[in-house]
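Visitor: I would like to learn how to read a model like this one. Could you take me through it step by step?

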Amino acid sequence: MEYLRPLKLRDWAECRNMIQTSKVIIDACILRKESRGAHYRSDFPEEDINWQRNIIIN
């Protein structure tokens, strides 16, 4: 039964990396208090000149 095989280490690592990347993207979106491009927030609908920078999350 191929569909019941255990996850390979590579599959597990890729899934973990996708989850971590998603979390970082969500955290950055929550920190950004503006709308810009495809990132739209209904509570902050306008662009803010003060947010023209990168967000670095460690």
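Guide: Gladly! Let us start with a cut-off: a residue is buried under 20% relative accessible area, exposed over 50%, and partly exposed in between. Keep in mind that this is a predicted model.

Visitor: Where does cysteine 15 fall on that scale?

Guide: Cysteine 15 has a relative accessibility of 37%, so it counts as partly exposed. Cysteine 29 belongs to that class too, because its value is 29%.

Visitor: How many disulfides are there?

Guide: The general idea is a distance test: two cysteine sulfur atoms must lie within 2.5 Å. Here the count is zero disulfides.

Visitor: What share of the residues in the chain is buried?

Guide: Of the 58 residues in the chain, 10% are buried. The chain exposes about 5,400 Å², with carbon and sulfur atoms supplying 60% of that area.

Visitor: Let us turn to charges. Why can side chains pair up?

Guide: Side chains of opposite charge can pair when their charged atoms come close. For a salt bridge, the cut-off is a Lys or Arg side-chain nitrogen within 4 Å of an Asp or Glu carboxyl oxygen. In this model, four salt bridges are counted.

Visitor: Which residue does glutamate 14 meet in a salt bridge?

Guide: Its partner is arginine 10, with an N to O distance of 3.1 Å. Both sit in helix α1, and because they are four residues apart, about one helical turn separates them. Glutamate 14 is partly exposed at 37% relative accessible area, while arginine 10 is exposed at 63%.

Visitor: And glutamate 34 and arginine 32: are they buried or exposed?

Guide: Glutamate 34 and arginine 32 are both buried. Their side chains form a salt bridge, at 2.7 Å from N to O.

Visitor: What about the salt bridge between aspartate 43 and arginine 41?

Guide: There, the closest N and O atoms are 2.7 Å apart. Arginine 41 is buried because its relative accessible area is 16%, a value under the 20% cut-off. Aspartate 43, at 46%, counts as partly exposed.

How values were computed:
Residues are numbered from 1 along each chain as its sequence is written. This is a predicted model: local features need pLDDT of at least 70, side-chain atom pairs count only at pLDDT 80 or more; totals for chains, interfaces and linings use all residues. Side-chain values use heavy atoms; hydrogens and water are left out. Buried means under 20% relative accessible area, exposed over 50%, partly exposed in between (1.4 Å probe, protein chains only). Helices (H or I, at least four residues) and strands (E, at least two) are DSSP runs, numbered from the N terminus. Accessible areas come from the Shrake-Rupley method with a 1.4 Å probe; for residues, only the protein chains shown count as cover.
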